[in-house]
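Work through the exercises below with the structure open. Each task is followed by a solution in steps.

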Amino acid sequence: MQDLSIPIAAQISMRRLLVGYLISLLVGLLLGIMISRSKYLDETLSPLLLGMQTLPSICWIPLAILWFGLGEESIIFVIVIGAIFSISMAVVSGIKNVPPLFIRAAKTMGAKGWHSYTTVVIPAALPSIISGMKQGWSFAWRALMAGELLTPTSGLGYVLIMGRDLHDMNQVVGIMLVIVIMGLVIDRLIFARAENAILYRWGLSRN
Amino acid sequence: MLEISGVYKTFTQKNGATNALQDVHLSIKKGEFVVLVGPSGCGKSTLLNIIAGLEKPTSGQVCKEGRPILEAGPDRMVMFQEAALFPWLKVIENVEYGMKIKGLGKRERREKAIHFLKMVHLTRFATAYPHELSVGMRQRVALARALSMDSDILLMDEPFAALDSQTKSILHTELQQIWCATKKTIIFVTHNVDEAVLLADRVIVMTANPGRIKKEFRVQLGRPRNIEDIDLARTVGQILGELKEEVEKVAKAELDSDWTLENNSFVPGSNTHLGNGI
């Protein structure tokens, strides 16, 4: 018997989401930095990333099940695939749009190599990186739902599909509301705060 | 201490190559205030960037105390036309940035930063973010940041060009005071001849296409200088005379072929029928 109570389901989903999102954040950042550092990688991988991003993550589910079996890993894989491309693309474009003047100024003050990267390039690209992270987060949610709806295991998506099977629309709409609320809360608590802090520092906020 | 010898710089673009600099020789003594003036496109900023090590000459070299300059370094601080402050750092952190790279301790850094902010009269805004300052104040912070590095050479690339004229004249006075107090070698690029004569020990007039040094003027006037000073105005006049044909040459290259400076500097007034009523 599966326990279908919402808190447990939400907890399971949340854990998957966090694990998948953190992996995609880490890999996405590294991938983005690597691409922005090398022209060769940029030319070969950038179109590929764009293409992969247009591919809905749900398309990966059959392969994920083949590779990882019905279970935790395949859902996490789908989440990672769902979020990674928008994050790394945001990192690449953020780094490309860093004003050259900042880099020149840092150079004349003796900043070199990795140090100038961490103290100038990344902070300067941060507004764009944060918006990519935000976008990645919403893609991760979608991927999570796709994964849970299509692989009957556990979590919010599974409870939702159970509601469908039992013709219990209360449960379906209830889960939808829970997802919306969780999304909003996390955005308010994390992303909106980070974004506002940066916009304030840069003098870009509207009030 | 700074020896520029036989520097050439060619930019290759789709529509051919431009000679930004051709056979430039110049030597600058320690503690000298040298101003490069010239029409737009005469390569004065390029020359400054080469001295800074931000660009490489096509041939020739720049030596500082006998050693060739190969890359940018903290011994040659640059002030750009824009302040180039980092928007994610507070004013004081911006000033400390370079000293941090230099490896100064936290307390020493803070003390020095406050010292130099005091020099540009901005201690009140130490914890503000750059966007909260006016353009002139940002340029002051950039000056404090440049001074904080204790470089013996300060390179300034039209640093006051974007400022309104009141702010500019205040900063001119302060820059002269700071120069007298710190004894730095300053190389200053501008297209404004008044500014050049006001600040310089030596004004280097450059020509465009190809970029070359045309003439040198020594300005031997007491400081602080005043823009209304008659001797200063005379020197400005001499330099402007030298620049006139250069400006015409550049404008001719950009405009239609029927344009000449003589024809187009005459403005017919509304009062052209003098004596009609007699």
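Helices are DSSP runs of H or I with at least four residues, and strands are runs of E with at least two, numbered from the N terminus. By that count chain B has 8 helices and 10 strands. The model is a predicted one.

**Exercise 1.** Describe the extent and the contacts of chain B.

*Solution.* Start with the C-alpha trace of chain B, which spans about 80 × 50 × 40 Å along its principal axes. Next take burial: 38% of the 278 residues of chain B count as buried. Finally, consider contacts in chain B between residues at least 6 apart in sequence; of these, 69% join residues at least 24 apart.

**Exercise 2.** Classify the packing of helices H3 and H4 of chain A.

*Solution.* H3(A) covers residues 61–68 and H4(A) residues 72–96; their axes lie 8 Å apart, at an angle of about 140 degrees. Angles over 145 degrees would count as roughly antiparallel, so H3(A) is oblique to H4(A). The crossing of the two helices is right-handed. From H3(A), A:Ile61, A:Ala64, A:Ile65 and A:Phe68 meet A:Glu73, A:Ser74, A:Phe77 and A:Val78 of H4(A). By class, this contact between H3(A) and H4(A) has 6 nonpolar residues, 1 polar and 1 charged.

Technical notes:
Residues are numbered from 1 along each chain as its sequence is written. Chains are lettered from A and ligands numbered from 1 in the order in which they are written. This is a predicted model: local features need pLDDT of at least 70, side-chain atom pairs count only at pLDDT 80 or more; totals for chains, interfaces and linings use all residues. Axes are lines fitted to C-alpha atoms, for helices over the stretch in contact, and angles run from 0 to 180 degrees between N-to-C directions. Angles under 35 degrees count as roughly parallel, over 145 as roughly antiparallel, 65 to 115 as roughly perpendicular and the rest as oblique. A crossing is left-handed if the near helix is turned anticlockwise from the far one by less than a right angle, and right-handed if clockwise. Two residues are in contact if their C-beta atoms, placed from the backbone, lie within 7 Å. Ala, Val, Leu, Ile, Met, Phe, Trp, Tyr, Cys and Pro count as nonpolar, Asp, Glu, Lys and Arg as charged, and the others, Gly among them, as polar. A residue is buried if 20 or more other C-beta atoms lie within 10 Å of its own, exposed if 12 or fewer, and partly exposed in between; C-beta atoms are placed from the backbone.
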